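Colleague: I am new to reading protein models. Could you take me through this one, a piece at a time?

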Amino acid sequence: MSQLSERPRQAIVGLPLPHESAALHVTGNALYTDDLVVRTKDALHAWPVQSPHAHARITSLKVKPAYDVPGVVRVLTADDVPGINDAGVKHDEPLFPTEVMFHGHAICWVLGETLEAARLGAAAVEVEYESLPSLVTVPEAIAAGSFQGTGRHLNRGDVGTALSQASHVFRGEFEFAGQEHFYLETHVALALVDEAGQIFAQSSTQHPSETQEIIAHVLGVPSHAVTVQCLRMGGGFGGKEMQPHGFAAIAALGATLTGRPVRLRLNRTQDMTMSGKRHGFHTEWAAGFDDDGRLVALDATLTADGGWSLDLSEPVLARAMCHVDNAYWIPNVRVDGRIAKTNKTSQTAFRGFGGPQGMLVVEEVLGRCAPLLGRDAMDLRRRNLYRPHDTTPYGQPVRHAERLEACWSEVVETGEVERRRVEIEQFNATHPDTKRALAMTPVKFGISFNLTAFNQAGALVHVYKDGSVLINHGGTEMGQGLHTKMLQVAATTLGLPLERVRLAPTRTDKVPNTSATAASSGADLNGAAIKNACEQIRDRLARVAGGRLGISPGDVRFSEGVIRGLSFEGEGLRWEDVVNDAYHQRVQLWAAGFYRTEGLHWDPVAMRGEPFKYFAYGVAAAEVEVDGFSGAYTLRRVDVVHDVGDSLSPLIDLGQIEGGFVQGAGWLTLEDLRWDESDGPNRGRLATQAASTYKLPSFSEMPEVFNVSLLEKAHEDGAVYGSKAVGEPPLMLAFSVREALRQAAAAFGPPGTSVVLRSPATPEAVYWALDGARSSGHRAEQLETVELMRSPAGLSGV
């Protein structure tokens, strides 16, 4: 067991504690960025002028009429930028564009004494456009050859030979939608400038250091002239990893030019029409199976809908390609990936970061092919699970692969799966207009940033003379419980009660050069950095205490605020007394901690290496009931067993698993993004731009029975206190819901029916799937349309 993962006796980590801000959240006392505007004197308000075209050139921009509106103070345009007019790390996102690239693109910003004055001023700005051809769908982009960024290729084995020799070969084409983040707090920033010209920006951002960098290069100042703080976020889910930067830069630019604080907060419609979503994908695939139902080859082309600029599309695509295997051993794999450039919002990070999109491909393959192979889908998935000593298509050993089988077996047993399957079969036989189904799906998700350099973190820990402790770290809190876990890590490492430790807001002038709180790595990276800082302080105090106790510093132990010898006998010394002694001995009582994830190596061009520290595993079983007249359905029961290692905070982890599952089910079944694809004046307009038109999961979509268990005896050596990441992996457990809906729809047809199910599987989509099942012919007739010719020519088109 490594020093990083080893837990002391009487640890604070592992206790099921509530979220550190839970009481503040439910009482309304938790401060968010926009709450600060009422505490800020003379703040101006920003409002965008948005384009009504999906693609057009700006031929004239007249801002003078805005100044005739009472209360308008300034209109910000490209001429006002003293540095670089760009808000993207790829330098392809002009802050003030001359060519609008999507419907709703912000052209300029109006600052007003009130929000209403800014809105009316924006409405008064006169803009003339030259309309340009636009691409709204991925198939349109593919047909036009409109791609951006660098395409990738992943290969293992000889896919062509394996497919030509496979007993059964199938092919398909599959397009699935993205997802709106719909965080409760929209994008918001509040910036002010002090008497020395220093910029202080409060931002709802997952990546304060990058927000700092973008503000600095827009303003043409060094990074040390900009401080970014994030109090907390009302949700992020990846949507605030990259896209807050431009909004914060607008606020900072306005504050610099006017000398007054500037607040920028998007309303819900603006947020949905201006900010990026989860990437939708278009995929083509061919899959080969042997007579035992084992996958022998997979050939796939993944085309991500990147929107108008790159943003994070390249790493999202790379992670999708690395997760196209999900939890299954496939000896021969070939995956080509590319990014379509469309005239839509620039799509961005979203919980899972491409992993869900890649994994959905193989789940679609297995779900579609199981009945065509004459096999039960649950059995087909289980027999293809990774086994010990297997490796991924990119060459990484699948360590602890046996945990997949352990999770599967536990779900089968505790979820009474076999008994319920018999009951479902009996129910379906006696209910011609209502069908039920139960599906099980696994998850294997790699933990670490795709880019190796991002796998580092810092922390700053202060111990004051009275023995109280203050923690600063580079991670941000978006409701996921990171701060709760970090308090537990610090208290455990220092051997203190939790109430002796406090956590400060995340600021770039306390911990610099931090990575985004993303990739499910927040607790791994920042927890290890905090532990490192606390250990430095503890080691110094051990020398002081050892002198008083007359023992070696190596024999000193810290527990519950008392410092004793190795035997834990005697009264021991009070923590605060030793701290006081240390101060008078001029012993340093603060420390900067650092952590870098070891053992990672990745060649992004060859798509080979070991990019992940470890894999998180899980299995879910979902039971649904579908109405044959409308396609409406009920999620009756969900059983989950998930691997979080030795949990740092079990109550937080259970909440993350439940929330991730529901969000995944929303993406796969309810949340249907729709853009106007017509050739009319609203082409490219997002039609689903409010909660009234964009269906979100709510209590009515929660399963009637929801059982979640953490896999036991799952210590992860080499991670902080033996824990594992929990933020993203549970989202993919929701594949079980989609597969259960597929099986329920197929139950309306004859045995062996394989249904095509759109994603998201809305009631409408489920209805068309079950209607197709009702009208389907015999299994042999389906095989004629789905099974490929086995000649090389028959495979070349996939």
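Colleague: Which strands and which helix do the buried residues of H19 pack against?

Modeller: This is a predicted model, so local features need pLDDT of at least 70 and side-chain atom pairs count only at pLDDT 80 or more, while totals for chains, interfaces and linings use all residues. Residues are numbered from 1 along each chain as its sequence is written, and side-chain values use heavy atoms, with hydrogens and water left out. Helices (H or I, at least four residues) and strands (E, at least two) are DSSP runs, numbered from the N terminus. The buried residues of H19 pack against strand E27 (614-627), strand E28 (633-642) and helix H18 (735-746).

Colleague: Which residues of H19 are buried, and what arc do they cover?

Modeller: Buried means under 20% relative accessible area (exposed is over 50%, partly exposed in between, with a 1.4 Å probe and protein chains only). In H19 the buried ones are Ala-765, Val-766, Ala-769, Leu-770 and Ala-773. They lie on the same side of H19, because the arc around the axis (taken from the directions from the helix axis to the C-beta atoms) is only 130°.

Colleague: Why do residues three or four places apart in an α-helix point the same way?

Modeller: It comes down to the turn. Residues at that spacing point the same way because an α-helix has 3.6 residues a turn.

Colleague: What span does H19 reach from its first C-alpha to its last?

Modeller: H19 covers residues 763-774, twelve residues. The expected span is 1.5 Å times one less than the number of residues. For H19 that expected value is 16 Å, and the helix comes close to it, reaching 16 Å.

Colleague: Is Val-755 buried or exposed?

Modeller: Val-755 is found in the loop between H18 and H19. Contact means heavy atoms within 4.5 Å. Leaving aside neighbours within four places in sequence, Val-755 is in contact with residues including Arg-368, Ala-769 and Ala-773. Its relative accessible area is 4%, so Val-755 is buried.

Colleague: Which peptide bond is cis, with omega near 10°?

Modeller: Most peptide bonds are trans. Pro-760 sits in the loop between H18 and H19. The cis bond runs from Ser-759 to Pro-760.

Colleague: What is the phi of Phe-353 near?

Modeller: Phe-353 lies in the loop between strand E15 (332-340) and helix H10 (355-372). Phe-353 is buried, with a relative accessible area of 12%. Its phi is positive, in a residue other than glycine, and near 50°.

Colleague: Where is Ser-448, and what is its phi near?

Modeller: Ser-448 is in the loop between strand E16 (434-447) and strand E17 (456-463). At 4% relative accessibility, Ser-448 counts as buried. Its phi is positive too, near 150°.

Colleague: How many disulfides does the structure hold?

Modeller: A disulfide is counted as a pair of cysteine sulfur atoms within 2.5 Å. Cys-369 is buried at 1% relative accessibility, and Cys-407 is buried at 0%. The number of disulfides is zero.
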